[in-house]
Every structure is written in structure tokens, then in C-alpha cells.
Amino acid sequence: MSLDFTQWSCPLPLRDYPNIVVGHGGGGKLTTELIQHLFAPAFDDPALHQRGDAAVLPLDGARLAISTDSFVVRPLFFPGGSIGELAVNGTINDLAMMGAQPRYLTAGFIVEEGLPLAQLGVIVERMAAAARAAGVRIVAGDTKVVDKGHGDGVFINTTGIGVIPDGVSIGPDRARPGDGVLINGSIGDHGMAIMSVREGLQFETTIASDTAPLHGLVAAMLEAAPGAVHVLRDPTRGGLAAALNEIAVASRVGIQIDERALPVSADVQAACELLGIDPIYVANEGKLVAFVAQEAVETVLACMRAHPLGRGAAVIGRVVEQPAGLVTARTAIGGARVIPMPLGEQLPRIC
Ligand code: MG
């Protein structure tokens, strides 16, 4: 079989890039285009078109949530965690964003020749501890080794399976005008923890990653106000801005946020100013944004604040009818601005 790539044509044009760029992995517009124009048409399955954080699939009367995620963060260890915790918590969170209770994980390792065995050992122990703490079993795995110089220490893929309780119905297309938009704490911590290590930045305190499993918090929220939580999303790559834009498009609604209401720590704010980055575009690994029916906002907010992972919870905005598909922000000085979907990668290899 000859491999003549010139015969292949993309079902729909992918901007002007003939080759993959780092931004295609950034969780912004370029990633969305790659999925919409290349992967989704090729694999064409209704579950892929749901565009949730995990696919929701019926099985013998139950509903399963399934998600897969690969982790390529550099460096492998950083304040607040390592690639090991990220690989476990990240996939747990994608299941939790569909309201699922995570049950099982698989773990695939692509290891670079020369990686000290002690480093791999610590990463694996941290994965095991994170899974135990979350009550999730790691039940299958795979190991591949690539030649020195062809990896970056270790890449990890995890796939997760969870069960969605009866009566829970959460999806990115369920935001309704009037819904309140809530977040469980300060934004930008994970991305800035990685960047300050890479850039050697010093602040009064060390900025630590917020990596954490969110399924316990989600379960408490769903119990506090049954049926009132319409949408959940973990604002990882592309930050809060990307998450809100995806929901505005999927639900065909406008989202108005109040910039003054966004929780940002002083150190993250300082790091962002130094690097010329807006914290609304910076990755989080232990945060969720929730769209909640208006009448239940106070109940859900109180429930979040009572949970260890929601002490800094805040209402940051609301859903409006128009302009549909657009995220706008009221600025600190009273103006309004559009918060666009990021194009590509502001901070590469962040998770
Ligand atoms: Mg996600």
C-alpha cells in the first residue's frame, strides 16, 4: 500500500495550517476545528457529537460516562502536584462534569528511555494515592518505551468509567437564560504554578497547582438542589474563557460575567501581569464552573462553600438570551468587553 498523503483531503478546511502546530493541542479554536473537521466526521458517532467532558452511554438500564485524556505536562513535578495526580484527577473530573460517580481508570504510560526509575516510581505512587483518595480503582494499564530524545520523560493517558445516578441530567447544551454562573474558587492557579516553575518566578508564597478530584463536590451540589444544576465544566486548557465559550455555543445563549466577581489570588494576578497573561485564559485543574437555575443559586453556593474544595466559591455571572454564542464581561471600570475563545496555546504543555 502506498502512502500518498497528497490524496487525502480534509472534509472541511482547517484554517491555513498544512501541518500540526502546538496550538492544535491548546483546547482553543484550533483544537475545536481539529475535532469538528477531522476527528468527528471520520469517527462519526452520536456520542462524539454530545461534546460533553465525557461521553454518556446507555448500558443495560444504567448510564455510563466514559472519558479519556492524555497528560504531557512539563515539568513532571511542580508545586502542588505531579503528572501523576493530574492524570488521575483530570479524568475523574471529566466524568464528574457529567454528574457521574467515577469508578474505574486505566493508565497508559509512554516512557522515554533514560527516565530514572525512581522518578517513574514516585509518579506511579502518587497516582495510586490520588486514586485511593478518590475511591477509584486503576484496573488496566499499558507500558511503551520510546528512544531517548523521542519523548519528554513520560506521557500518561488515563481512561475513566463512571456511573451517572438516576435523575441526573447535565450537559453543555442545557444552560438557560436566567441561570447563575458559579465557580468553586480562584482561577489560574494551576497554569501559573507551572509557568512560575518554568520561568523561575519568585513570589511571596509559592503558587501551587489546584489539582483535586471534584466528584465529591459535584455529588454534594446535585444533592443540595436536585435538577437545578444544568451544566458543569472543568475550565482546564484555555481556562475559564474557553469553557464559557464552549457552553455559550453549545447552549445557544449569551453569558455575561462580572470581572470584579472573578476570584484570583494576589500571587496569580501578579504572575499574570508579569507575563502579560489574562487569568481568565489560564488552566485550572481543581475548578468547576456550574450553570444553576436562578432559584437554586443561593442554595448551591452555600453547599459549595461548605465543601473543602468550594470554600472560595462565587457567583461570577449569568446566562442571557442575546447575543447567543457570545461571552461578555463587565469590566472593573464599568465597561463591557467580549471574551473571545482563545485561538491556540497561550501556555503550552500545561497538563
Ligand atoms: Mg474537561
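**Figure 1. Two buried aspartates at the magnesium site.** Aspartate 53 and aspartate 94 are both buried in this predicted model. Together with Asp234, these residues are the protein donors of the magnesium ion, each through an OD atom, at 2.1 to 2.2 Å from the metal. Along the chain the donors follow the spacing D-x40-D-x139-D. The pair of aspartate 53 and aspartate 94 links distant parts of the chain, 41 residues apart. Aspartate 53 belongs to the loop between helix H2 (46-49) and strand E1 (55-59), whereas aspartate 94 belongs to helix H3 (residues 83-96).

Figure 2. Strand E1 runs antiparallel to strand E2 (residues 62-71), and five bridges join the two. Leucine 59 has alanine 62 of E2 opposite to it. The hairpin has two residues between its strands. Aspartate 60, in the loop between E1 and E2, has a phi near 50 degrees, a positive value in a residue other than glycine. Most residues other than glycine have a negative phi. Aspartate 60 counts as exposed because its relative accessibility is 80%. E2 also pairs with strand E7 (residues 154-164), in the antiparallel sense and over nine bridges. In this pairing, glycine 162 of E7 stands opposite alanine 65.

**Figure 3. The open sheet of seven strands.** The strands of this sheet follow the order E9-E11-E8-E12-E10-E13-E14, with mixed pairing. Strand E9 (229-233) and strand E14 (336-338) each have a single partner strand and stand at the edges, so one side of each lacks a neighbour in the sheet. On average, and with direction ignored, neighbouring strands are turned by 25 degrees against each other. Within the sheet, strand E10 (residues 254-258) and strand E13 (residues 327-330) run parallel and are joined by four bridges. Aspartate 258 has arginine 330 in E13 as its bridge partner. Helix H7 (residues 239-251) lies across E9, E10 and E13, as well as strand E8 (180-183), strand E11 (289-292) and strand E12 (314-320). The helix runs at about 35 degrees to E11.

Figure 4. Phenylalanine 39 and phenylalanine 43 form a stacked pair, with 6.2 Å from centre to centre and 20 degrees between the planes. The structure holds one aromatic pair. The two phenylalanines are separated by about one helical turn because they are four residues apart in helix H1 (residues 29-43). Phenylalanine 39 counts as partly exposed, at 38% relative accessibility. Phenylalanine 43, with a relative accessible area of 55%, is exposed.

Figure 5. The protein is divided into domain 1, covering residues 56-163, and domain 2, covering residues 180-338. A distance of 24 Å separates the C-alpha centres of domain 1 and domain 2. In the contact between the domains, 20 residues of domain 1 meet 21 residues of domain 2.

**Figure 6. Surroundings of methionine 304.** Methionine 304 is found in helix H9 (residues 297-305). This methionine is buried, with a relative accessible area of 0%. Leaving aside neighbours within four places in sequence, the contacts of methionine 304 include Leu182, Ile183 and Asn184. Also among them are Leu217, Met221 and Leu288, together with Gly310, Arg311 and Ala313. Leucine 86 is 218 residues away from methionine 304 along the chain, and the C-alpha atoms of these two residues are separated by 22 Å.

**Figure 7. Two cis peptide bonds.** Most peptide bonds are trans. Arginine 74 and proline 75, however, are joined by a cis peptide bond with an omega of about 0 degrees. Proline 75 is placed in the loop between E2 and strand E3 (77-78). A cis peptide bond also joins glutamine 322 and proline 323, where omega is about -5 degrees. Proline 323 lies in the loop between E12 and E13.

**Figure 8. Arginine 349 in the segment after E14.** Although it is not a glycine, arginine 349 has a positive phi of about 55 degrees. This residue is placed in the segment after E14. With a relative accessibility of 24%, arginine 349 counts as partly exposed.

Conventions:
Residues are numbered from 1 along each chain as its sequence is written. This is a predicted model: local features need pLDDT of at least 70, side-chain atom pairs count only at pLDDT 80 or more; totals for chains, interfaces and linings use all residues. Side-chain values use heavy atoms; hydrogens and water are left out. Donors are N, O and S atoms within 2.8 Å of the metal (3.2 Å for Na, K and Ca); water is not among the atoms, so sites may look incomplete. Buried means under 20% relative accessible area, exposed over 50%, partly exposed in between (1.4 Å probe, protein chains only). Two strands pair if DSSP finds at least two bridges between them. Axes are lines fitted to C-alpha atoms, for helices over the stretch in contact, and angles run from 0 to 180 degrees between N-to-C directions. Contact means heavy atoms within 4.5 Å. Rings of Phe, Tyr and Trp (its six-membered ring) pair if their centres lie within 6.5 Å; planes under 30 degrees apart count as stacked, over 60 as edge-to-face and the rest as tilted. Domain bounds come from an automatic or database domain assignment.
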